[in-house]
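Have it open while you read, and take the points in any order you like.

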Amino acid sequence: MQGLNTVRALLEDMLQSQRLAVLSTAGPGGAPYGNLVSFAVLDPGRLLFATTRETRKYGNLKGDDRVALLVDNRHNEEADFHSALAATALGRAVELSGEERERGIVRYIVKFPYLEDFVRSPSCALFRVDVERYIVVTKFQNVIEVSPYP
């Protein structure tokens, strides 16, 4: 099993390098719902994603702010069973507004310049996920819980 500092460094590298995550929300009656989203990192404890307000995930988030965001670095190859890293960020999503939204948009478009029109659209909501903890899986079976900050 890798040490906590090594896992934390691998996690932070993966969060910076990956562009997509699976966002899980709870719908009516607690039914799970998953979506692929693009995400950016403010810092290890705060992640950003955007969605239009007409989506099911937006409606779900208005009813229940708890989220799970799964990020991984797999290549869909056999080697993934030995070397892939996956992390689930567990936390709460907060829709940004005002100056905080503007600062978030700037960070988001640094990673996704081709999504600037989308994220600046009045119909787009920008969310910050306040991460409570990460569940990190290495080598397909080693599981470790990591706080966002040392």
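Is Asp43 buried or exposed? Asp43 is buried, at 18% relative accessible area; the cut-offs are under 20% for buried, over 50% for exposed and partly exposed in between, with a 1.4 Å probe and protein chains only.

Before the rest, a word on the source: this is a predicted model, where local features need pLDDT of at least 70, side-chain atom pairs count only at pLDDT 80 or more, and totals for chains, interfaces and linings use all residues. Residues are numbered from 1 along each chain as its sequence is written, and side-chain values use heavy atoms, with hydrogens and water left out.

1. Asp43 and its partner. Asp43 forms a salt bridge with Arg46, and the closest N and O atoms are 2.8 Å apart. (A salt bridge here is a side-chain nitrogen of Lys or Arg within 4 Å of a carboxyl oxygen of Asp or Glu.) Arg46 is partly exposed, as its relative accessible area is 31%. As background, side chains of opposite charge can pair when their charged atoms come close.

2. The other salt bridges. The count by this rule comes to 13. One of them joins Asp65 to Arg92, with 2.6 Å between the closest N and O atoms. That pair ties together distant parts of the chain, 27 residues apart: Asp65 sits in the loop between helix H2 (56-63) and strand S4 (66-72), and Arg92 in strand S5 (residues 85-95). Helices (H or I, at least four residues) and strands (E, at least two) are DSSP runs, numbered from the N terminus. Both ends are partly exposed, Asp65 at 29% and Arg92 at 35%.

3. A pair within a helix. Glu116 forms a salt bridge with Arg120, the closest N and O atoms being 3.0 Å apart. The two are four residues apart in helix H5 (residues 116-120), so about one helical turn separates them. Glu116 is partly exposed at 31% relative accessibility, and Arg120 is partly exposed at 36%. Elsewhere, Arg53, Lys62 and Glu95 are linked in a network of salt bridges.

4. Strand S3 and its neighbours. Which strands does S3 pair with? S3 pairs with strand S2 (residues 32-43) in the antiparallel sense over four bridges, and with strand S6 (residues 124-138), also antiparallel, over seven bridges. Two strands count as paired if DSSP finds at least two bridges between them. A two-residue hairpin joins S2 to S3. If you want landmarks, Phe39 has Phe49 in S3 as its bridge partner, and Leu47 has Val129 in S6. Strand S3 (residues 46-52) is largely enclosed by the rest of the structure, because five of its seven residues are buried.

5. Ala40 lies in strand S2 and is buried at 1% relative accessibility. Leaving aside neighbours within four places in sequence, Ala40 is in contact with Leu47, Leu48, Arg107, Tyr108, Lys111 and Phe112; contact means heavy atoms within 4.5 Å. Asn35, found in strand S2 too, is buried at 17% relative accessible area. Not counting residues up to four places away in sequence, Asn35 touches Ala21, Val22, Leu23 and Lys57.

6. Tyr134. This residue lies in strand S6 and counts as buried, with 1% relative accessibility. Its side chain reaches the backbone oxygen of Pro44 at 2.6 Å. Residues up to four places away in sequence aside, Tyr134 touches a list of residues including Leu11, Leu15, Leu47, Ala87 and Ile144. The C-alpha atoms of Tyr134 and Tyr149, 15 residues apart along the chain, are 10 Å from each other.

7. A nonpolar surface patch. Which residues form it? Leu20, Val22, Leu36 and Leu70 do, with about 330 Å² of accessible area together. Patches take residues with over 30% relative accessible area and no salt bridge, joining like charges within 9 Å and nonpolar side chains (Val, Leu, Ile, Met, Phe, Trp, Tyr) within 5 Å. The areas come from the Shrake-Rupley method with a 1.4 Å probe, and for residues only the protein chains shown count as cover. Leu20 is found in strand S1 (residues 20-26) and is partly exposed, at 48% relative accessibility.

How values were computed:
Polar contact = N/O pair within 3.5 Å; in protein donor to acceptor, adjacent residues only side chain to side chain.
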